Amino acid sequence: MNPELIKLVEEWKGKDGNLIMILHEIQNHHGYVPRELSLELSKMLDIPLARIYEVITFYNFFKLSPPGKHLIRICMGTACYLRGASLILEEMKNILGVQEGQTTKDGLFYLDVVRCLGCCGLAPVLMIDNKVYGKVKKSEIADILSKYIKEE
Amino acid sequence: MAKLTPDELEKISKSNHEKSSNWIKVGMSTCGIAAGAGEIFDFLLEEVKKRNLQIEVKKCGCQGNCYAEPLVEVSVEGLPAVTYGKVNKEVATKIIEKHVIAKMLVNDYIYDSLT
Amino acid sequence: MYEKTVLIKDTDLRREDKTRQAYTQFLDHLRQNDQHSRIQVVRVADVGLYDKGLVIKVLPDRITYANVQDRDLERIANSLCENKEAIKDLVYKPKVKQEKLALRNCGKIDPENINEYIACGGYLGLKRAIFELGAEKVIEEVKTGAIRGRGGAGYPTWLKWNFACKVSSEQKFVICNADEGDPGAYMDRSILEGDPHSVLEGLIVAAFAVGASRAYFYVRAEYPLAVERIEKAIKAAYDYGLLGKNILGSSFCLDAEIRLGAGAFVCGEETALISSIEGRRGTPHPRPPYPSIKGLWGKPTVINNVETLANIPQLISKGGKWFAQIGTETSKGTKVFAVTGKVKNSGLVEIAMGATLREIVVDLCGGTLSGGPIKAIQTGGPSGGVIPQELLDTPVDYENLQKLGSIMGSGGMIVMDEDDCMVDIPKFYLGFCVDESCGKCAPCRIGGFQMLNYLKKITEGRGELNDLIHLKRISYAMQKASLCGLGQTASNPVLSTLKYFENEYIEHIVNKRCPAGKCNHLITYKVIEDKCKRCGLCSTNCPVNAISGDKEKGYSIIQEKCIKCGRCFEVCKFKAIYKK
């Protein structure tokens with residue numbers, strides 16, 4: 001059994017409703033929730049695997065497959081939408097060659113759309129990993145992405 | 001930190017958290033950080049240390065003028081406390097050299113609201 | 001040091017900026033009178049007033065002069081040089097001012113330092129609650145203050161607490177709902193990041209009043225900084241004995257922890273939130289029973305919004321009567337609004353209930369980005385409606401907004417101008433609701449989807465007039481029969497835009513035209529011949545070869561082939577492509 005997972009479950013064992021918090025910790029570490037870990041978790045918590053999957057598939061946050069090295073989240077909140085977020089999204093799709101919810105072939109970027117990051121004063125906004133980019137212009141996207149490509 | 005009694009709570013509440021009238025506050029909420037406040041905070045800390053200035057650089061939350069982030073509020077004895085907006089490294093340098101050291105407010109970057 | 005400071009800014013939008021000129025004039029005058037080392041003059045970027053001509057502010061007196069003409073500059077300068085009183089006929093008294101209650105400490109204190117919070121009167125509300133009032137009197141105080149839930153429903157807070165207090169149970173819970181899901185709203189995030197202790201103190205007071213022994217913060221996972229600051233606040237409170245056993249030496253004990261959301265808008269609804277904390281899918285449950293009676297793990301549970309809780313400490317320490325002085329007859333206190341969209345100064349505004357929409361969006365936030373007219377203001381997020389320009393002088397409170405077909409909601413205020421389409425906006429919101437619908441009840445699951453289809457039809461030029469009747473029928477069905485607020489209010493944007501902008505829907509359906517120029521399928525792109533320089537850039541960039549022509553004859557767009565992607569419009573350097 002996975003020693004990290006054992007430690008995690010031990011930490012949350014006594015607390016009711018711990019499943020979502022445990023899933024968050026797993027995803028923080030791995031970027032997604034691997035099936036093998038879900039299987040082990042089901043044994044450790046003594047709950048059916050279906051219950052774990054019904055929770056993972058309900059919440060937008062949890063991913064079932066590896067998301068790529070960098071997570072791109074484009075805010076599609078109302079303020080960002082009004083200030084051109086759809087154009088930003090289209091440009092991202094064109095440059096990366098993927099649709100929402102997909103990873104680029106080189107595994108470098110995963111493109112996701114979120115509903116409101118809460119930075120509406122800087123609309124339109126996108127996040128790459130934990131960095132927030134505000135007042136993004138369509139023309140700046142290639143430059144922003146190239147920084148991450150250059151790091152490779 | 002020990003557990004407080006009601007009297008100790010009163011005592012702290014009467015203390016002045018602004019021990020000096022010389023301080024710089026940088027708005028460090030998510031929107032401020034997204035606009036670059038993190039780098040400005042580090043830059044100001046470094047400059048204050050480099051130039052050996054007697055002024056504290058602190059972080060604070062968002063006061064609401066999100067359109068003008070990064071926001072930096074400066075209080076120097078003898079001058080009114082003012083808030084600078086859209087602060088980049090160039091403006092931050094002016095704040096240090098003109099406002100803090102030469103005791104003159106910097107032109108064109110102050111955001112003064114009605115309250 | 002300088003005795004006085006003069007701030008100068010020209011706020012007139014129509015003419016050339018006179019700030020520099022006025023600054024030089026003023027400074028010259030001071031120099032002539034040898035007063036320039038006593039009075040400092042500064043050009044500023046913003047004075048909090050818009051379209052009020054040349055504005056001059058004098059500090060520390062806080063005198064504001066507006067619409068200052070050239071000839072008045074000397075008068076003002078003289079009055080300062082000679083230490084005279086303010087010139088009454090030039091003084092500007094703003095009609096509206098922000099009043100910061102929930103945001104009182106934001107931007108002032110270090111949110112990660114509990115001592116700074118205490119030095120601003122922090123935790124004195126809790127002290128008064130425990131040692132002077134007792135649980136019942138705390139609820140009385142909240143009743144006198146008449147504060148209503150700031151999360152959107154506007155339910156009287158004291159009532160919720162009272163129901164839970166009266167139920168006998170060996171365990172009760174209080175929850176802070178920090179799952180701020182409305183797109184365009186970030187008031188709660190700012191309060192949690194800027195003054196987390198104010199919310200924590202409010203939550204502890206709530207727990208004391210109802211007799212709870214456990215408190216939870218349910219926070220969106222999309223707010224990592226807020227989570228970090230709440231974590232630090234909880235730890236500092238434990239260290240100081242403001243959480244845990246025997247709080248402040250009393251017999252009151254409370255434990256608090258954080259639970260994260262995971263990207264489900266529906267979990268902002270109370271019963272869905274409870275399911276989520278219980279580690280299950282966030283689907284709502286029928287009410288009754290209400291959470292105050294039977295909530296988390298079947299126990300009495302009080303759930304309050306972040307802004308509601310942030311107001312509690314002051315309400316308790318200064319008293320309900322003090323709080324009730326602010327606001328209108330039915331809506332007491334202040335409200336924090338997140339003003340965003342096509343507005344010049346996007347940000348947070350906290351103001352007493354009763355201020356008008358115009359005062360908030362124009363006077364405090366500078367009006368539209370373009371300077372043009374406001375088309376509508378959308379309030380209440382996906383559950384709200386639009387308020388057209390003619391009604392901007394409506395005082396904002398819970399009842400007034402409802403009468404107009406919208407709601408207060410959590411406080412999001414989206415400003416729209418003539419480039420925003422009143423059919424596209426409800427389509428955006430319906431898309432959101434369809435994505436976020438939990439799927440449990442048919443009216444929301446199927447109704448939302450069908451409404452979205454009709455809106456897509458209309459915006460893609462395939463609409464029929466009957467569609468409007470279908471939209472209304474489905475709306476009423478969803479309102480009556482959906483299990484929770486998400487489904488019940490999902491149709492508000494549609495009903496509201498139909499009420500005030502039906503002509504736009506008809507234009508889309510009958511004339512296949514989008515007046516705002518937003519709906520791609522209904523836009524026509526044409527080459528403007530007299531501006532066209534025949535460079536051919538548009539033709540080279542057209543992905544479907546829909547632009548034909550050459551250097552001699554010029555270029556034209558073949559409408560049947562055009563996919564309306566807008567590339568030609570973007571690449572043309574001479575603005576020779578017409579888009580409408």
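How many helices and how many strands are there in chain B? In this predicted model, chain B contains four helices and four strands. Followed along the sequence, these elements occur in the pattern α-β-α-α-β-β-β-α. The C-alpha trace of chain B spans about 45 × 30 × 30 Å along its principal axes. Chain B has 115 residues, of which 44% count as buried. Among the contacts in chain B with a separation of 6 or more, 61% are made by residues 24 or more positions apart.

Chain B touches both of the other chains considered here, chain A and chain C. In the contact between chains B and C, 41 residues of chain B meet 51 residues of chain C. On the chain B side, helix 1 (6-14) and strand 2 (56-60) are the elements that give two or more residues. Helix 1 of chain B provides the largest share, with four residues. By residue class, the side of chain B that touches chain C consists of 18 nonpolar, 17 polar and six charged residues. In the contact between chains A and B, seven residues of chain A meet eight residues of chain B. The side of chain A that touches chain B comprises four nonpolar residues, three polar residues and no charged ones.

Within chain C, the packing of two helices was examined. Helix 5 (residues 135-145) and helix 8 (residues 196-210) of chain C pack at an angle of about 120 degrees, and their axes are 7 Å apart. Helix 5 of chain C is therefore oblique to helix 8 of chain C. The crossing of these two helices of chain C is left-handed. Helix 5 of chain C contributes C:Ala135, C:Val138 and C:Ile139 to the contact, while helix 8 of chain C contributes C:Val205, C:Phe208 and C:Ala209. The residues of this contact are six nonpolar, with no polar and no charged residues.

In soluble globular proteins, nonpolar side chains tend to be buried together. The largest nonpolar core in the model has 247 residues. The residues with the most contacts inside this core are A:Val125, C:Ile204, C:Ala206, C:Ile360 and C:Val361. Helix 8 of chain C gives the most to the core, namely ten residues. A second, separate core has eleven residues, including C:Val527, C:Ile547, C:Ile557 and C:Cys568. When neighbours within four places in sequence are left aside, C:Ile360 is in contact with C:Phe337, C:Val339, C:Val349, C:Ile351, C:Ala355, C:Cys365 and C:Met413.

Conventions: Residues numbered from 1 in each chain as written. Chains lettered and ligands numbered in written order. Predicted model: local features only at pLDDT ≥ 70, side-chain atom pairs only at ≥ 80, totals over all residues. Contact = placed C-beta atoms within 7 Å. Nonpolar A, V, L, I, M, F, W, Y, C, P; charged D, E, K, R; others polar. Axes fitted to C-alpha atoms, helices over the stretch in contact; angles between N-to-C directions. Parallel < 35°, antiparallel > 145°, perpendicular 65-115°, else oblique. Left-handed = near helix turned anticlockwise from the far one by under 90°. Core = buried A, V, L, I, M, F, W, Y, C linked by C-beta atoms within 7 Å. Buried ≥ 20, exposed ≤ 12 C-beta atoms within 10 Å, placed from the backbone.
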